[in-house]
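Reader: I have a new structure to look at. Can you walk me through it?

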Amino acid sequence: MPNTAAAGRGPGAAAGRMAEDGGRGAADSPEAARRFVRCLYAVGFLDLFGVSMVVPLMNLHIKSLGASPTVAGIIGSLYGIMQLFSSTFVGCWSDIVGRRYSLLACILLSALGYFLLGTSTTVFLFALSRVPVGIFKHTLSISKALLSDLVSERDRPLVMGRFNAASGVGFILGPVVGGYLTELEDGFYQTSFICASIFLLNAGLVWMLPWHEENVNKKCKQGKKRTDNSSAKRDCGLHFKPVTNGAIANDSPFQSPWVQIATVLKRIKGIASSDLWDIFLIRLLMSVAILLYYSNFTLALDERFGVKPLFSGYLMSYSSTLGVLAGCLLGPITRLYQHNTYRLLLHSSTFTCVLILLYASALSMWMVILSSTFLAFSTTIGRTCIIDLELTIGGNEASGTLLGVGQSVTSVGRIIAPLLSGIAQEFSPCGPPSLGVGLALIAILIMNANKQKYCSSGNIKLKNQ
């Protein structure tokens, strides 16, 4: 019998406790495993810190190159479309070749993109620099898949919450540093080169991590033959074995590209044929609802209450900071809910729906501030819970594929939301959040209709497994 008490001692212990496999030698210490997880937090922080230094300055830079607003919009849309289609393929590819090599490839190719951005003196070079970033900027998704491989289901929401919090801190600090650097001569180019250097630093950090993936995956496969699904997953999250620095997971990254492509397509077909449509639909509806809330936030506050954009910016920064705090509090919250992810997701989504409704019907700025305060908590918790539910129901073996598909679904929401927001604003400044309330209600109804499936312990296996 596995020691169930050990499963709740936190992600460090969960990631670090080693298996006694036939009495074979000693393994890495729990402290080494804790350092591994903390290093992944640093990867998430550096990733969004570097990106958020550059992204707010891009529109100003492309305008300075002589591009019209239409051309700038087309380039931005192409980036979103590349992200939409590439996230599923890259996530699935990480399941095939292993997290280490896929993560390194994504970081290095993203660094190349930001290096090209630092040399972009024409609109063409600017557009060209967005191609490698649009295709391979999936560092956070692969890092989350790796964390899912390392920790038990019980600890996964806590670890994901902390990872999101670390990334959020980078997203808050990045624009401040980028704004300061852009004041210097050739500030945008210097900022882009610094961003590329941060990605190279991240690649070095990933390379030096004590990788254990190969043995984790083998342990998962062996555990399934010996015991039931839930205990096998718990053991896979708890145990590591030492491997050499060149170890990889599953198949070699140097095998035939055609074999890799065929395997990727087979796995994607398995996702498409599985009974996960409702999970992804819930993710889409809630994503669009939240995007509609933010879509005209500054404009709506100006029209409804005469609030200046500066105050709106402070309010959004305040909400982002609270979102980081919410990520750190996920551990106590999940323990309060006895690790029932479905119930926590249902309650957080319901709370989000009510808060968006409160914002849409607010009669004073104090009601807006109140709704923004609690919405930062409910949306952060909801995002973490929907990812955890995807991995719990879909199975942890295809975590990269599942997270990639989920990211594609969110990208669809980013494409749809501006269109819906524009139509809703034709009727009222409160139109977009009011429409968001309706979409959130539909998501809540779907969750209630599928309660039995979410609460069952068995997984929905993909067709190709």
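Reader: Let's start with a pair of helices. Is the crossing of α13 and α19 right-handed or left-handed?

Author: The crossing of α13 and α19 is right-handed. A crossing is right-handed if the near helix is turned clockwise from the far one by less than a right angle, and left-handed if anticlockwise. Helices here are DSSP runs of H or I with at least four residues, strands are runs of E with at least two, and both are numbered from the N terminus.

Reader: Before we go on, what kind of model is this?

Author: This is a predicted model, where local features need pLDDT of at least 70, side-chain atom pairs count only at pLDDT 80 or more, and totals for chains, interfaces and linings use all residues. Residues are numbered from 1 along each chain as its sequence is written, and side-chain values use heavy atoms, with hydrogens and water left out.

Reader: Back to that pair. At what angle do the axes of α13 and α19 cross?

Author: At roughly 40°, and the axes come within 8 Å. Axes are lines fitted to C-alpha atoms, for helices over the stretch in contact, with angles from 0 to 180 degrees between N-to-C directions. The two helices are therefore oblique to each other. Under 35 degrees counts as roughly parallel, over 145 as roughly antiparallel, 65 to 115 as roughly perpendicular, and the rest as oblique.

Reader: Which residues in α13 and α19 meet?

Author: From α13 they include Phe 280, Arg 283 and Leu 291. From α19 they include Leu 402, Gln 407 and Ala 417. Meeting is a matter of contact, that is, heavy atoms within 4.5 Å. By class, the residues of this contact divide into eleven nonpolar, seven polar and two charged. Ala, Val, Leu, Ile, Met, Phe, Trp, Tyr, Cys and Pro count as nonpolar, Asp, Glu, Lys and Arg as charged, and the others, Gly among them, as polar.

Reader: And α18 with α19? How do their axes cross?

Author: They come within 10 Å and cross at roughly 135°. That makes α18 oblique to α19. This crossing is right-handed. Ile 387, Glu 390, Leu 391 and Gly 394 in α18 meet Ser 399, Leu 402, Leu 403 and Gly 406 in α19. The contact has four nonpolar, three polar and one charged residues.

Reader: Tell me about Ile 387. Is Ile 387 buried or exposed?

Author: Ile 387 is buried, with a relative accessible area of 7%. Buried means under 20% relative accessible area, exposed over 50%, and partly exposed in between, with a 1.4 Å probe and protein chains only. Ile 387 lies in helix α18, residues 365–394.

Reader: What does Ile 387 touch?

Author: Leaving out residues up to four places away in sequence, Ile 387 touches Lys 144, Arg 283 and Leu 403. Gln 407 is 20 residues from Ile 387 in sequence, and their C-alpha atoms are 9.9 Å apart.

Reader: What touches Gln 407 from elsewhere?

Author: Ser 141 touches Gln 407 and also Leu 403, again not counting residues up to four places away in sequence. Ser 141 is in helix α7, residues 139–150. Ser 141 is buried too, at a relative accessible area of 16%.

Reader: How many residues are in the largest nonpolar core?

Author: The largest nonpolar core has 52 residues. Such a core is a set of buried Ala, Val, Leu, Ile, Met, Phe, Trp, Tyr and Cys residues joined through side-chain atoms within 4.5 Å. Ile 282, Leu 301, Val 368, Met 447 and Tyr 454 have the most contacts inside it. Helix α18 gives the most to this core, with ten residues. Apart from this core lies another of 32 residues, among them Ala 67 and Phe 188.

Reader: New topic. Where does His 339 lie?

Author: His 339 lies in the loop between α16 and α17. Its phi is near 60°, a positive value in a residue other than glycine. His 339 is partly exposed, with a relative accessible area of 27%.

Reader: Last one. How many helices and strands does the protein have?

Author: It has 21 helices and zero strands. Of the 465 residues, 53% are buried.
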